[in-house]
Structure formats: structure tokens, C-alpha cells
Amino acid sequence: MIVTVPDDLLRALPRLAAAAMPREACGLLVGRAAADGVAVTGLAPSRNLAAAEDAFEIDTALQLALQRRLRGTAEAVVGVWHSHPAGAPTPSARDVEGAWEAGLAWLITSGEETAAWRALGGGAGFAPAVLRRPRIDDHARLHDKEP
């Protein structure tokens, strides 16, 4: 899976993660399916509802509202983003337990580094994904413009 994320969003993720310290930051990735993965076009930050500092729980009210807003558009919720304040941007055991929906892109930020993963679903874990910045012609296509 290739997860294409615009530069401005990739630059914002470490700032959002730092602002949530010492807790994990989290949100939903909005975008479009692509032949080789997903093209992320935005992030909907969420309050972290988890009790523990080293966990995240996305606000279901945000998720439902976002899904309603995107209904009938070319965009959808294509993944999840969260931070690991201490450690690497790799899925934790808790992340594996919570990754039930197969095919969702997961971005994990730790410090200035963000890594991409594809959820295998059913608690089976993750496969590494390729994190890519859009090429000029990709960006134009996303916004229905000629390159």
C-alpha cells in the first residue's frame, strides 16, 4: 500500500503530536482510494478519549459527523493517525489489538518522524506501507485540475 500525504499535512503532524504531550494525539485521515493505496487530502484531529497517556481513542461523535459530512462526496475516512510520545513510529501491541478494520491506512508520528502502515484487520496487526508525498500531477488530479 502507498499512502500519499501532502507536505503541509506531514509537517503539521509533529506539531500536533507535540501539542498533545504527554498524551498521544490522534485523528482520522480523509482522502480517496487510489489504485496503489490511498491519497490523503486532510486530517480531522480528535480529542483523545483514552484514560491512559500511552493510548488513544478517537471520539466516535467526530467519526460519525465526519462520515455524514463526506457522504456523497469523492472522499472518505481512509485511515487513522496517532502519535507515540515515547518510542518509535511503529505499531504497539495496543495498536495491534485495536486495528480491526482491514485496509485502513495508519500513520504514526514519533518526534519528527511519521511512518505509514496498513491494518490487516481482525487484530492481525499491520503491514508496512510506503509513505509518499504527492507528485505535482497527483496533486492536480486530487483537486480536479489539469496538471
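1. The model is predicted; local features are given where pLDDT is at least 70, side-chain atom pairs count only at pLDDT 80 or more, and totals for chains, interfaces and linings use all residues. Residues are numbered from 1 along each chain as its sequence is written, and side-chain values use heavy atoms, with hydrogens and water left out.

2. **Overall fold.** Along the sequence the order is β-α-β-β-α-β-α-β-β-β-β-α. The radius of gyration is 15 Å, close to the 15 Å that the globule rule gives for 147 residues, so the protein is as compact as a globular protein of that length. Here the radius is taken over C-alpha atoms, and the rule is 2.2 Å times the number of residues to the power 0.38. The C-alpha trace spans about 45 × 30 × 30 Å along its principal axes.

3. Of the 147 residues, 44% are buried, where buried means under 20% relative accessible area, exposed means over 50%, and partly exposed lies in between (1.4 Å probe, protein chains only). The accessible surface comes to about 7,900 Å², and carbon and sulfur atoms hold 55% of that surface. Those areas come from the Shrake-Rupley method with a 1.4 Å probe; for residues, only the protein chains shown count as cover. Among contacts with a separation of 6 or more, 59% link residues 24 or more positions apart; a contact means heavy atoms within 4.5 Å.

4. **Charges.** You will find 15 positive and 18 negative side chains, with the centres of the two sets 5 Å apart. Lys and Arg count as positive, Asp and Glu as negative, while His and the chain ends are not counted. Each charge is placed at NZ of Lys, CZ of Arg, CG of Asp or CD of Glu.

5. **Strand E3 and its partners.** E3 (residues 37-46) is mostly covered, with eight of its ten residues buried. Two strands are said to pair if DSSP finds at least two bridges between them. E1 pairs with E3 in the parallel sense over three bridges, and within this pairing Val 3 stands opposite Val 38. E2 runs antiparallel to E3, joined by nine bridges, and a hairpin of two residues connects E2 to E3. Leu 28 has Ala 44 of E3 as its bridge partner, and Leu 29 stands opposite Leu 43.

6. **Strand E4 and its partners.** E4 (residues 76-83) pairs with E2 as well, in the antiparallel sense over six bridges. Six of the eight residues of E4 are buried.

7. **Thr 4.** Thr 4 belongs to strand E1 (residues 2-4). Thr 4 counts as buried because its relative accessible area is 7%. Beyond residues up to four places away in sequence, Thr 4 touches Val 38, Ala 39, Val 40, Arg 132, Arg 133 and Pro 134.

8. **A cis peptide bond.** Which residues does the cis peptide bond join? The bond lies between Met 21 and Pro 22, with omega about 5°. Pro 22 sits in the loop between helix H1 (7-20) and strand E2 (26-34). As background, most peptide bonds are trans.

9. **Gly 121.** Is Gly 121 buried or exposed? Gly 121 is buried, because its relative accessible area is 9%. Gly 121 is found in the loop between strand E6 (113-119) and strand E7 (126-128). Setting aside neighbours within four places in sequence, Gly 121 contacts Ala 99, Trp 100, Glu 101 and Ala 102. Gly 121 and Met 1 are 120 residues apart in sequence, and their C-alpha atoms are 14 Å apart in space.

Note on methods: Helices (H or I, at least four residues) and strands (E, at least two) are DSSP runs, numbered from the N terminus.
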